[in-house]
Amino acid sequence: MPIINHQRVQLSHGSGGRMSAELIDKLFLPRFGNPILNRLEDQATLDIGPGRLAFTTDSFVVDPIFFPGGDIGDLAINGTVNDIAVSGAKPLFLSAAFILEEGLPMLDLHRILVSMEIAAKNAGVVIVTGDTKVVNIGSCDKIFINTTGIGMIPEGTMISAASLKPGDAIIVSGTLGDHGMAIMTSRKGLSFQSRILSDTAPLNHLVDAMLAVSKNIHALRDPTRGGVAATLNEWAKASNLGIVIDEEKIPVREEVRAACEILGIDPLYVANEGKLVAAVPEEWAERIISSMKSHPQGKNSAIIGRVVEDHRGMVTIRTALRVERIVDMPLGEQLPRIC
């Protein structure tokens with residue numbers, strides 16, 4: 001950690017004066033510095049080419065801020081990178097705004113900033129503007145982060161939830177429920193023989209590999225809150241088609257499945273932060289999944305179902321007993337503040 005005159009965040013660090021400048025100069029710029037951010041203007045002036053922009057924003061309030069497999073810092077970068085990537089866009093620039101609680105240990109803030117620095121480098125994005133506010137003790141819980149992202153959508157890429165077609169293969173990029181169960185078990189103090197780790201990771205390089213096979217990908221989504229069940233229900237409704245998935249083909253780690261059984265939770269409804277769901281034309285499915293399996297983020301990819309013309313607007317699952325049941329849209333969040 002760089003030398004700074006206080007061990008904990010003070011209200012004066014958000015005053016805009018000398019202590020604010022110290023916080024920025026000694027903690028933020030060493031982690032995120034680049035020619036655009038270093039100008040310290042009230043805005044970033046960006047040189048981007050012609051074409052369509054993808055633009056998104058998200059706020060991260062996860063509790064606890066450090067969890068098995070990650071922390072609120074890499075989650076904030078990866079979450080926004082992934083929201084850009086699943087449009088088929090190349091993520092380019094991020095903003096990062098911080099609300100810090102007075103008394104937050106500087107060591108914790110430094111650890112989070114280092115995580116963000118590493119996550120941004122892994123994703124190939126730069127943080128070009130930001131903001132920091134400090135609030136009184138009790139006005140927030142340690143640290144909240146907002147990140148906004150901008151990316152460029154390549155020519156010929158048209159990915160949308162309304163683009164599903166009958167016969168499309170439904171693909172997931174790996175095991176489901178890892179992030180949500182890492183947070184739940186950490187918060188509830190449950191322990192398992194094999195520790196459950198969050199899957200927080202950038203997905204843009206995996207999406208690049210998929211688009212290199214074919215730009216004819218109908219839908220992509222990172223199934224965060226509400227899990228795969230929410231994503232598939234949104235797609236079925238948007239496209240006015242049905243979706244059938246096969247329970248035996250859904251990849252779930254044994255420790256996650258065990259934790260879900262103990263807590264009475266279906267892994268389909270648990271949040272992920274480093275996985276994607278895709279709907280791709282049947283004729284491209286095998287080549288796309290082969291490409292995904294050759295990428296570290298997609299090595300456990302699997303085709304879990306198909307888009308059908310039956311039961312339009314609904315999702316069903318075929319169980320191991322060959323019984324078909326409805327997968328409803330989740331009514332609420334099973335655990336608040338997971339991202």
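How many bridges join β12 to strand β13 (residues 324-326), and do the two strands run parallel or antiparallel? In this predicted model, three bridges join β12 to β13, and the two strands run antiparallel. The hairpin formed by β12 and β13 has five residues between the strands, and within that hairpin R322 takes a positive phi near 65°. On its other pairing, β12 (residues 315-318) is joined by four bridges to strand β9 (residues 242-246), and here the strands run parallel.

With regard to the overall architecture, the protein has eight helices and 13 strands. A compact globule of 339 residues would have a radius of gyration near 20 Å, and the value of 21 Å found for the protein agrees with this expectation. Taken along the principal axes, the C-alpha atoms fill a box of roughly 65 × 50 × 30 Å. Of the 339 residues, 53% count as buried, and the protein exposes about 15,000 Å², of which carbon and sulfur atoms supply 51%. Among the contacts with a separation of 6 or more, 85% are accounted for by residues 24 or more positions apart.

In soluble globular proteins, nonpolar side chains tend to be buried together. The largest nonpolar core of the present model holds 76 residues, of which F98, L109, I143, W235, I243 and L268 touch the most other members. The largest share of this core, eight residues, is contributed by helix α3 (residues 106-123). A second, separate core of 20 residues includes L206, L276, A285 and I303. Apart from residues up to four places away in sequence, W235 touches A161, L164, I170, A219, L220, R221, I243, V277, A278 and A279.

Several of the residues touched by W235, including V277, A278 and A279, belong to strand β10 (residues 277-280), both faces of which are covered. V277 and A279 lie on one side of this strand and A278 and V280 on the other, and all four are buried. Strand β7 (residues 169-172) is joined to β10 by four bridges in an antiparallel arrangement, with I170 standing opposite A279. Strand β8 (residues 219-221) likewise runs antiparallel to β10, to which three bridges join it, and the bridge partner of A219 in β10 is A279.

Not counting residues up to four places away in sequence, T147 touches T56, T57, D58, F60, A76, T80, S95 and A96.

Helix α7 (residues 254-263) shows a division between its sides, with E255, V256, A259 and C260 buried. Viewed down the axis of α7, these buried residues fall within an arc of 140°, so they line one face of the helix. The exposed residues E254, E261 and I262 are carried on the face turned away from the buried side. The helix is followed by G264, whose phi is positive, near 70°.

Helix α5 (residues 204-213) contains V213, which has a relative accessible area of 26% and is thus partly exposed. Leaving aside neighbours within four places in sequence, V213 is in contact with W284, R287, I288 and S291. The C-alpha atoms of V213 and I289, although these residues are 76 residues apart along the chain, are separated by 9.6 Å.

Attention may finally be drawn to some backbone features in loops. A cis peptide bond, with omega of about 5°, joins D63 and P64, and P64 lies in the loop between β1 (52-60) and β2 (66-67). L40, found in the loop between α1 (18-32) and β1, has a positive phi of about 55° although it is not a glycine, and at 47% relative accessibility L40 counts as partly exposed. H311 is found in the loop between β11 (302-308) and β12; its phi is near 30°, a positive value in a residue other than glycine. At 25% relative accessibility, H311 counts as partly exposed.

Key
Residues numbered from 1 in each chain as written. Predicted model: local features only at pLDDT ≥ 70, side-chain atom pairs only at ≥ 80, totals over all residues. Heavy atoms only, no water. Buried < 20%, exposed > 50% of the residue type's maximum accessible area, 1.4 Å probe, protein only. Contact = heavy atoms within 4.5 Å. Pairing = 2+ DSSP bridges. Core = buried A, V, L, I, M, F, W, Y, C linked by side-chain atoms within 4.5 Å. Rg over C-alpha atoms; globule rule 2.2 N^0.38 Å. Areas by Shrake-Rupley, 256 points an atom, 1.4 Å probe, with all protein chains shown as cover. Arc of directions from axis to C-beta.
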